[in-house]
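Here is a short briefing for a first look at this structure.

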Amino acid sequence: FKVTKEAAQNAGSRVLKKGSVVASCVGNFGVCAVINVDVIINQQLQAFIPDKNIIQEFLREIVKISKDYFQMIATAATVVYVNQSGFANMPIILPPKEEQEKIINYIAITKEKLEEQKIKEQVETYEFVLSYLLEEGYASTEESADKIIINMRETWFEEIIEARRMDKEGVDRGDSRRDERSEKAKKATAKSRRCTNGRNSN
């Protein structure tokens with residue numbers, strides 16, 4: 001939504017300048033962002049305005065890892081809340097700006113690697129379950145298997161993967177629980193198929 005300067009002034013609202021760090025002060029702490037446009041916030045948010053000694057992205061990361069601090073000082077009514085004073089008194093380590101830059105770059109690189117790993121794992125999981133559905137005859141094509149996968153809950157994925165993994169490990173040992181694990185995988189797949197069929201019929 002856009003708010004005119006006149007409307008903001010009439011409402012007594014303060015305009016936060018681009019580059020401020022906005023954070024949640026109600027319920028879920030540690031959720032924050034650097035704003036890239038001027039904004040007006042409501043009472044569910046607090047804001048930090050970085051000075052020349054702190055880089056805005058560094059401050060954002062400090063707020064993120066201060067979740068325990070906010071939870072410790074929060075007052076509880078219907079939901080937990082931290083007031084402006086609580087944010088103003090947030091403990092902060094302030095290294096030189098050169099060090100802040102290094103920390104920010106390290107965090108960015110680490111996040112990128114973690115995201116790449118997460119995507120890789122998701123692709124491997126998808127391919128594993130896709131293969132299972134086709135091999136076990138639950139789907140005749142990748143397209144029909146996709147429809148089943150779309151309706152799968154995360155716990156169903158886990159049941160199928162765990163059952164298949166343990167099944168392979170137990171083949172040579174003659175594990176008597178193979179049938180039980182296989183049954184769990186079949187039940188998870190059946191649930192997903194029912195969800196798929198239910199949606200297709202609507």
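Strand S3 gives the most residues to the lining of the largest pocket, with 4. The model is predicted: local features need pLDDT of at least 70, side-chain atom pairs count only at pLDDT 80 or more, and totals for chains, interfaces and linings use all residues. Residues are numbered from 1 along each chain as its sequence is written, and side-chain values use heavy atoms, with hydrogens and water left out.

**The largest pocket**
- The largest pocket holds about 490 Å³ of space.
- Of its 20 lining residues, Arg14, Gln46, Ala47, Phe48 and Gln84 are the closest to the centre.
- Two elements, strand S3 (45-48) and helix H4 (84-88), each give two or more residues to this lining.
- The lining divides into 15 nonpolar, 4 polar and 1 charged residues. Nonpolar covers Ala, Val, Leu, Ile, Met, Phe, Trp, Tyr, Cys and Pro; charged covers Asp, Glu, Lys and Arg; the others, Gly among them, are polar.
- A pocket is an open set of points on a 1 Å grid over the protein atoms alone, where a 1.4 Å probe fits, with protein on both sides within 12 Å along at least five of seven lines; lining residues have an atom within 4 Å of a point.
- Its volume is the space filled by probe spheres set on the points, which are joined across faces, edges and corners.

**The fold**
- The chain has 8 helices and 5 strands. These are DSSP runs numbered from the N terminus: helices (H or I) have at least four residues, strands (E) at least two.
- From the N terminus, the order is α-β-β-β-α-α-β-β-α-α-α-α-α.

**Burial**
- Of the 202 residues, 28% are buried, meaning under 20% relative accessible area (1.4 Å probe, protein chains only).

Note on methods: Buried means under 20% relative accessible area, exposed over 50%, partly exposed in between (1.4 Å probe, protein chains only).
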